[in-house]
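User: I am new to this structure and would like a close look at one part, the open sheet and the helix packed on it. Could you walk me through that region?

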Amino acid sequence: MFKIEAGATALSLGGPWVRGVAQLQAQGVAVVYVDTPSDAAGRGMTQRPPREFRQDLAAVAKEVRQRFPGAQIHLAGLLWVAPLLDIAGDMEDFGKIVLAASGLLDNRTSDWSNLRKPVLMLHTSTAQCDATPFLEAQAIAKRSRFTFVQVGYRRQEEKDDCGRNSQFLMAGQEALVAKAVAEWLDGKEVAATIGQTNPLIAWREEIVSYQAPGTFGSNRLEATLLLPEARRFGAGPYPVMVWNHGDVSLDHPAVRYKSRIRDLGLAREFLNLGTAVLMPARKGVGMSEGTYPRGFRAGDADPVYLARVHAEDIVPALAWLKTRPELDANRVILAGQSAGGFTAMYLASQNLGGMIGAIDFAGGRTNMSEAQSPTYLNQMMVDGFAELGKTTRIPTLWVFAENDSRYTAETIRTSYDAFQAAGGKGRLLLSPPLEGDGHFIYAKPGLWRAALKEYLSEIGVVTYAK
């Protein structure tokens, strides 16, 4: 991307900046589109050594200088922009950097405030492209002292979309984007928002925090709050689904990069039914303080010990709900996956005030390996659910698949039977083997959407869009 006085530019490749090339040219900005640098092995720019990527960018700059002597050359990027900032930030070949729809899920702790060149970041708050969260881009721009421009639309995008005609790519706003880019490249101040003034953030997404008990004192834990669309479901108060994430390893992005617990694929199923969603990050996960608890063993004498430990981080989140008038703390559904699903079931057994339901997505205790027989019975998990069934008084929904890598279908069925025999109320949706690992059935809402709607209706969570 560089400044021109006059003339046309021929483009041989398509790309995210091409849609608005005419508007950019009208503002005196020509575009040279470079395909994502890769090599014969198929490695993208995030996998290639920085040295190779730097060489590619230097070669592009050299070619542009030869073809357009005297041009001011700037660098533009979209989506996976971290390598551009890491590698090109100190390259003398480029003057400024322009970023659109930055995908910075795993860069929450990054700080580019020491870059030697100015950076402009354009981002859409109402877009529903899960790879480009607005809150991360906004926070990183502030910390790194980038110029941040919010591209505003009148309404939230209707569905998740990262395609060519999506708000993610600023479709329909090309003229405004081109004008802002050209003015900024010329050293002029640009408006903080272009397009619709005071645009919303999709699902009114917000990062919140609350205090939970720690080994010494307390820990500040973070959570993501999402609210249904007010134009469809009114101003609330909304019923709330509190999501318990699964177990995490040291290499999990939420630990390695402190990425947020933010599963919008699942959250949309509730949001589209008028139910708010709170997704806490337990201690040591994301930006939550403390150390993530480890060391649980298959031979734990107490089969519900793991769930009890994890629940210590969730109970304070339930109390926090009462601080928000948009949320109905008397209509709370606990849900979770894997260790989080087992924790939701443990909390259901505690009959806490305001809790009206619990949904277990492949949650339990495991002491098996993939090599064990399909008829293997995990008695610890069976005993755990038998214990929980004794005191659970709210209806529960169980969502499992027969090819779960953690527990056999025999274990799942026997655990459900033991839960009911002990007095628990529940409905088991056990899907036939699905593609991939059935332990992650929560990520395939088409398999359980109808059951969810029926369950929510049964527990009195019935909402009607306007």
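Analyst: Let's start with a term: two strands pair if DSSP finds at least two bridges between them. Helices (H or I, at least four residues) and strands (E, at least two) are DSSP runs, numbered from the N terminus. What you see is a predicted model, where local features need pLDDT of at least 70, side-chain atom pairs count only at pLDDT 80 or more, and totals for chains, interfaces and linings use all residues. Residues are numbered from 1 along each chain as its sequence is written, and side-chain values use heavy atoms, with hydrogens and water left out.

Now to the sheet. Strand E12 (residues 327–337) and E13 run parallel and are joined by six bridges. Gln337 stands opposite Phe361 in E13. These two strands belong to an open sheet of eight strands with mixed pairing, in the order E8-E9-E11-E10-E12-E13-E14-E15. At its edges are strand E8 (206–213) and strand E15 (426–431), each of which pairs on one side only. On average, neighbouring strands of this sheet are turned by 20 degrees against each other, direction ignored.

Helix H12 (residues 409–421) packs on the sheet, where it touches strand E14 (396–401) and E15. Contact here means heavy atoms within 4.5 Å. The direction of H12 makes about 175 degrees with that of E15; axes are lines fitted to C-alpha atoms, for helices over the stretch in contact, and angles run from 0 to 180 degrees between N-to-C directions.

Which residues of H12 are buried? They are Ala409, Thr411, Ile412, Ser415, Tyr416, Ala418 and Phe419. Buried means under 20% relative accessible area, exposed over 50%, and partly exposed in between (1.4 Å probe, protein chains only). An α-helix has 3.6 residues a turn, so residues three or four places apart point the same way. The cover over the buried residues of H12 includes helix H10 (339–349) and helix H11 (379–389), along with E14 and E15. Just after H12, Gly423 takes a positive phi of about 115 degrees.
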